[in-house]
Amino acid sequence: SVINTEANIDWMENEKQTDTSKGNLMLVNRIYGLSSDYEVGDIIKVSSQYAYNGVKISESIMDNIIELIDAAKEEGYTFVLSDGYRSYEEQKKLYEKYQNAYGSREADISVARPGHSEYETGLSFNIVPYNKVYTNPKESDEYKWQYNNAYKYGFIFRYPADKTELTGFDEFTWRLRYVGKDASNLIKSENICFEEYYAYFVNGE
């Protein structure tokens, strides 16, 4: 339920500290945030073979990303990372840019506040079909392939369309998050979002 996952709490009034000791299963959203001095120690720049220029990610998940991209390539699909790690400072600048242009209310809808973007974990990224844009991306063969295969490599779709009231964010078609294969298999088979998984299987430990 919504109450179990705390998604009904106004995130700006009831901010909580992300438990970073959970590692790959840490929760970052509108309620749980990273401190400004949180650092991901293993951030690397992704090779142009696998990403558009300048994308960074946690080195700990790079092998899984490569396995996913290589498996897709064998089926005839070419994917690249288009967005990856952002520091707290980078997120702050992005948020303030939107805030200055559109006001706080609009900024809060479009951009996560600093500390509250999953990109800051180094575990979250956009992986898109190379050089293609779709009017209805979810109807594309590329999306269907990702939907049916990403979980095998430890990845989940972070913001599903039918879970927006729980995640607090609109659907993000190509947005994946690494959680490890045990978690990704369960999340896929149970058709739950990460907030639900965290509430049921992580937070109670």
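How are helices H7 and H8 oriented to each other? In this predicted model, helix H7 spans residues 181–190 and helix H8 spans residues 194–202, and the two pack at an angle of about 115° with their axes 10 Å apart. Since angles of 65 to 115 degrees are classed as roughly perpendicular, H7 and H8 are therefore roughly perpendicular to each other. Their crossing is right-handed, and the contact brings Ala183, Leu186 and Ile187 of H7 against Phe194, Tyr197 and Phe201 of H8.

Across the structure, the count of aromatic pairs comes to 16. In the pair formed by Tyr147 and Phe157, the ring centres are 6.0 Å apart and the planes stand at 40°, so this pair is tilted. Tyr147 lies in helix H5 (residues 141–149) and Phe157 in strand S7 (residues 155–157), so the pair ties together parts that are 10 residues apart in sequence. As for accessibility, Tyr147 counts as partly exposed, at 38% relative accessibility, whereas Phe157 is buried, with a relative accessible area of 18%.

The charged end of Arg30 sits over the ring of Phe169, at 4.3 Å from its centre, while Arg175 lies over the face of Phe172, at 5.2 Å from the ring centre.

Conventions. Residues numbered from 1 in each chain as written. Predicted model: local features only at pLDDT ≥ 70, side-chain atom pairs only at ≥ 80, totals over all residues. Heavy atoms only, no water. Phe/Tyr/Trp six-rings, centres within 6.5 Å; stacked < 30°, edge-to-face > 60°. Helix = DSSP H or I, 4+ residues; strand = E, 2+ residues; numbered from the N terminus. Buried < 20%, exposed > 50% of the residue type's maximum accessible area, 1.4 Å probe, protein only. Lys NZ or Arg CZ within 6 Å of the ring centre and 35° of its normal. Axes fitted to C-alpha atoms, helices over the stretch in contact; angles between N-to-C directions. Parallel < 35°, antiparallel > 145°, perpendicular 65-115°, else oblique. Left-handed = near helix turned anticlockwise from the far one by under 90°. Contact = heavy atoms within 4.5 Å.
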